[in-house]
Amino acid sequence: MSSIYSEIILDYYRYPRNKGSLPHPQIQARDSNPLCGDIVEMQLELDEKNTVKDVKFNGQGCAISQASASMLTELVKGKTVDDVRKISKEDVLSLIGGQLTAVRLKCALLSLKVLKTGVYNYIGSTESTNEELSSL
Amino acid sequence: MSRQRWAAASNSTSQKATSPAAAATASYPKARNKLPGLAVPKNTTPTTKPPLTFPGQLAQSTVRGYATQKQATAYIHEKKPFDVERVRHDFPILKRVINGKPLAYLDSAATTQKPRDVIDELTRFYNEYNANVHRGVYKISEEATAAYEEARAKIARLINANSPNEIIFVRGTTEAINLVAQSWGRTNVGLGDGIILTEMEHHSNIVPWQLLAKERGAHLKYVGITDDGHLVHEDFRQHLESGSIKLVTMTHVSNVLGTINPVREYIREAHKQGCPVLVDAAQSVPHMPVDVQDLDCDFLAFSGHKMCGPTGIGILYAKKSILQAMPPYHGGGEMIREVHLYESAWKDPPYKFEAGTTNIAGAIGLGKAVDYVSGLGLRNIQEHEQELTEYAHDRLGKVKGIRIYGPENPRTKSGVISFNMGDVHAHDMATLLDEDGIAVRSGHHCAQPLMERLGVSSTTRASVYVYNTEDEIDRLTQSLERAGRIFKL
């Protein structure tokens, strides 16, 4: 049986891109997965056009949660806040590739949940956002 | 793989079970005449079911005498022939195929699988004699009551309680401990009092005491652990002598490290200071002979689902005199003698602590589970697990990059093996093993303070029970090696 642990996932796990912290992030959020103990924190710095100028993540946990967080930072860099808001579950899962079980899906989507929480706090949340976040 | 090695060790008292096949030829009532109210080992493959009998009354009348009970407990605990392949046939779930491989279930410390006898008894209860207990004056209610009380008597025999009245049905270990904290604790623990715990407790033996301590203004004192997972005895002595200690509460066997704690010795020392002791036996009663009179513990808690029984049923044992002095935990029906508008009178223990309709099917199922493990023999179970643990330590210890936590000598622990490998996170490890059909637990195992002590965020845990084989340990080893290759360790 082929493993979810592709070379790419392991590479991002061992050598995470954009790991660290930013001095003046306009957007930041943090969350954990109480079941696994995975922790992910995201920080975004925007320019005057509301485009993501720089992004960093920090955290600890399994390869899936940490690699997906790192991959997500690469995806959002250069995007406008509005485009970041439109990133879907499927976008993240296609970055990871492979089949995940329901429990491991939580690990894969933790960083997206954190990112969206930060973005929604920044633009002002609405009721529908709560629903979206709880589905992640 | 057939295992005959215990057959030779049978002593004269085990003639009733020289082999499972021989035992099966003895008829059920006849066997019971020899040693009243005992679990009778049956052929492990169900051929003819024993007739539906309700030996509750019999148990009540004949087993309360100490000598008989002692004999019964000795029988349950003694060595008998054991054949793991036969045992495996009793567990329907072991036929499952996961990801194209036979299920290797190595998570029995979380919950064990259920033998057919237990599953069938649950169905039989609902099909044939489902009724509320202690109330109906009709046939099936009497049958249900008898089976429910017989289950209580079986559990008393399993742990050698003085009387079935010292056995309280609860939801599980967690509820048992909360019951003690809320009922006994709120009565006996006050401002400035101390409670001794250990750093290797499960959250269920930490949080109820934190709640109590906060409410009563009491404080918690922890016995530390050594790097190889044993309690620091000196911590315990110092805490005990610091005065105003009202309770010692400790696990018998660590659910993470497998360490078997010398609870008997600790109980002696605590009693010298007049301090009662609660033993969390969730990981010991299913795996080894436990005798509450020998330990002399004041409270003992364990869960049914970790010993082949259904979920949602567990046991609190406590000494009779303590139970009598304790106020009720929950108020409601069934636990009362009389109810008036402004005051009520309680029934005697154990009923005082069993408000409302309890988990009747669960209790009866647990009774069947006790029959099952008694039939295998607790000494056998312990030895089987010991051998597997030694084998696992030997095999796993050779895997590149592995670190096993807890006692290095597998003879001083139970069948729980926690480990990490290189920088592979426990959850990734569990996913990789699942790809090979191997079920293990990963995470903090509801013991975060212990994880902190070990300096890790999580571990992978393999735990064995009656149905596990050396072959499964080999598969685990191979799968770990595969994980090592994938992660390029």
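Read along the sequence, chain A follows the pattern α-β-β-β-α-α-α-α-α. Helices (H or I, at least four residues) and strands (E, at least two) are DSSP runs, numbered from the N terminus. The model is predicted: local features need pLDDT of at least 70, side-chain atom pairs count only at pLDDT 80 or more, and totals for chains, interfaces and linings use all residues. Residues are numbered from 1 along each chain as its sequence is written, while chains are lettered from A and ligands numbered from 1 in the order in which they are written.

**Exercise 1. Describe the make-up and overall dimensions of chain A.**

Step 1. Chain A holds 6 helices and 3 strands.

Step 2. Along the principal axes, the C-alpha atoms of chain A fill a box of roughly 50 × 30 × 25 Å.

Step 3. The radius of gyration of chain A is 14 Å, close to the 14 Å from the globule rule for 136 residues, so chain A is as compact as a globular protein of that length. The radius is taken over C-alpha atoms, and the rule is 2.2 Å times the number of residues to the power 0.38.

Step 4. Buried residues make up 38% of the 136 residues of chain A. A residue is buried if 20 or more other C-beta atoms lie within 10 Å of its own, exposed if 12 or fewer, and partly exposed in between, with C-beta atoms placed from the backbone.

Step 5. Among contacts in chain A between residues at least 6 apart in sequence, 64% join residues at least 24 apart. Two residues are in contact if their C-beta atoms, placed from the backbone, lie within 7 Å.

**Exercise 2. Characterise the contact between the two domains of chain B.**

Step 1. Domain 1 of chain B covers 151-372 and domain 2 covers 379-486; such bounds come from an automatic or database domain assignment.

Step 2. The centres of domain 1 of chain B and domain 2 of chain B, taken over C-alpha atoms, are 28 Å apart.

Step 3. Domain 1 of chain B puts 21 residues into the contact and domain 2 of chain B puts in 23 residues.

Step 4. On the domain 1 side there are 9 nonpolar, 10 polar and 2 charged residues. Ala, Val, Leu, Ile, Met, Phe, Trp, Tyr, Cys and Pro count as nonpolar, Asp, Glu, Lys and Arg as charged, and the others, Gly among them, as polar.

**Exercise 3. Why is strand S9 of chain B largely enclosed, and which strands pair with S9(B)?**

Step 1. In S9 (residues 299-303) of chain B, 5 of the 5 residues are buried, so the strand is largely enclosed by the rest of the structure.

Step 2. In a regular strand the side chains alternate between the two faces of the sheet. On one side of S9(B) are B:Phe299, B:Ala301 and B:Ser303, and on the other B:Leu300 and B:Phe302, all buried.

Step 3. Strand S8 (residues 277-280) of chain B pairs with S9(B) in the parallel sense over 3 bridges; B:Leu278 has B:Phe299 as its bridge partner.

Step 4. Strand S10 (residues 314-318) of chain B pairs with S9(B) in the antiparallel sense over 5 bridges; here B:Phe299 has B:Ala318 as its bridge partner.

How values were computed:
Pairing = 2+ DSSP bridges.
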